[in-house]
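Here is a short report for someone meeting this structure for the first time. Look over the sequence and the model before reading on.

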Amino acid sequence: MADVNDSDRTLTVGATAELVGVSVRTLHHYDEIGLVTPGDRTSAGYRVYDAAAVERLHRVLTYRELGFALEEIGRLLDDPDVDAMAHLRRQHGLLTARIDRLRQMATAVEKMMEAKQMGIQLTPEEQREIFGDDWPGEEYAAEAQERWGDTGAWAQSQSRTAKFTKADWQRIKAETDALEADFAAALSDGAPADGARAGELAERHRAQIGQFYDCSHQMQTCLAEMYLADERFRAHYDDVAPGLARYVHDAIVANARPHL
């Protein structure tokens, strides 16, 4: 791969397209509208891109990823009052905000999956009120139904949660948050996953699940395996505290071992 940091090096349009991950047609279009023009042309008239052109192209693609229109990107890049570092700082801030938003949405998805597994019976408005504005409503119901719909636990949870009130769900949400916080505190304090403190938390976890369906130690260990195997559940716990998914898993497995 060519080193575009060398100001004396140039790349053909094909090499540039491969380097930045766009099509040659896209580069031609950017050239035609004056957004990213080649640094030079060969004697045969072929476009070649120097380091400055490639750097501008990277800025264009970053703004495109963030949803800016090409016309607006051109104005941003050609503003004489904004220097290169200012562009980088702006793009970094926008990307960081987008990453945070995606993480929040991932957490909301996990909450919805857990709720669907338990047979949640709230309206979309009530779900948002209890679980937050990022709660994705009915969007993920089909996945939970397909995954657990033919199990006895699903039928049991549907029957029990049909009787739950809004106040019940608010209490359950508070209990879930408190349990996760206590797990995170135990992890931070260095409490061993096979110790008494973690074991008490594992029993709290089992009792909480037991509100929805009869949760044996064997069933609980299956849930623990899912917390690691499913990247969405793992991300939910690890967003509370790094390494928490593994810690919760290990605590549940260790606590269940004498009962299996």
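**Basis.** This is a predicted model, in which local features need pLDDT of at least 70, side-chain atom pairs count only at pLDDT 80 or more, and totals for chains, interfaces and linings use all residues. Residues are numbered from 1 along each chain as its sequence is written, and side-chain values use heavy atoms, with hydrogens and water left out.

**The chain.** There are 13 helices and three strands. Both are DSSP runs numbered from the N terminus: helices are H or I with at least four residues, strands are E with at least two. Of the 260 residues, 39% count as buried. Buried means under 20% relative accessible area, exposed over 50%, and partly exposed in between (1.4 Å probe, protein chains only). Contacts are heavy atoms within 4.5 Å. Among contacts with a separation of 6 or more, 62% join residues 24 or more positions apart.

**The core.** A nonpolar core is a set of buried Ala, Val, Leu, Ile, Met, Phe, Trp, Tyr and Cys residues joined through side-chain atoms within 4.5 Å. The largest one holds 31 residues. Phe183, Tyr213, Leu223, Tyr227, Leu244, Tyr247 and Val248 touch the most other members. Helix 9 (166-188), helix 10 (196-209), helix 11 (217-229), helix 12 (231-240) and helix 13 (244-256) each give two or more residues to this core. A second, separate core has 19 residues, including Val54, Leu57, Leu61 and Ile73.

What does Phe183 touch, leaving aside neighbours within four places in sequence? Its contacts are Ala198, Leu201, Ala202, His205, Leu244, Tyr247, Val248 and Ala251.

**Helices 10 and 13.** Ten of the 13 residues of helix 13 are buried, so this helix is largely enclosed by the rest of the structure. Those buried residues pack against helix 9, helix 10, helix 11 and helix 12. In helix 10, the buried residues are Ala198, Gly199, Leu201, Ala202, His205, Gln208 and Ile209. Their cover includes helix 9, helix 11, helix 12 and helix 13.

Helix 10 and helix 13 pack at about 90°, with axes 8 Å apart. Axes are lines fitted to C-alpha atoms, for helices over the stretch in contact, and angles run from 0 to 180 degrees between N-to-C directions. That makes the pair roughly perpendicular; the term covers 65 to 115 degrees. Helix 10 brings Ala198, Gly199, Ala202, Glu203 and His205 to the contact, and helix 13 brings Tyr247, Ala251, Ile252 and Asn255.

**Helices 1 and 2.** The axes of helix 1 (residues 13-20) and helix 2 come within 9 Å and cross at roughly 105°. These helices are therefore roughly perpendicular too. Val13, Gly14, Thr16 and Ala17 of helix 1 meet Val24, Leu27 and His28 of helix 2.

**A loop residue.** Thr37 lies in the loop between helix 2 (24-32) and strand 2 (40-41). Is Thr37 buried or partly exposed? Thr37 is partly exposed, with a relative accessible area of 42%. Beyond residues up to four places away in sequence, Thr37 touches Asp31, Tyr49 and Ala53. Thr37 and Arg47 are ten residues apart in sequence and 8.7 Å apart in space, C-alpha to C-alpha.

Methods: Angles under 35 degrees count as roughly parallel, over 145 as roughly antiparallel, 65 to 115 as roughly perpendicular and the rest as oblique.
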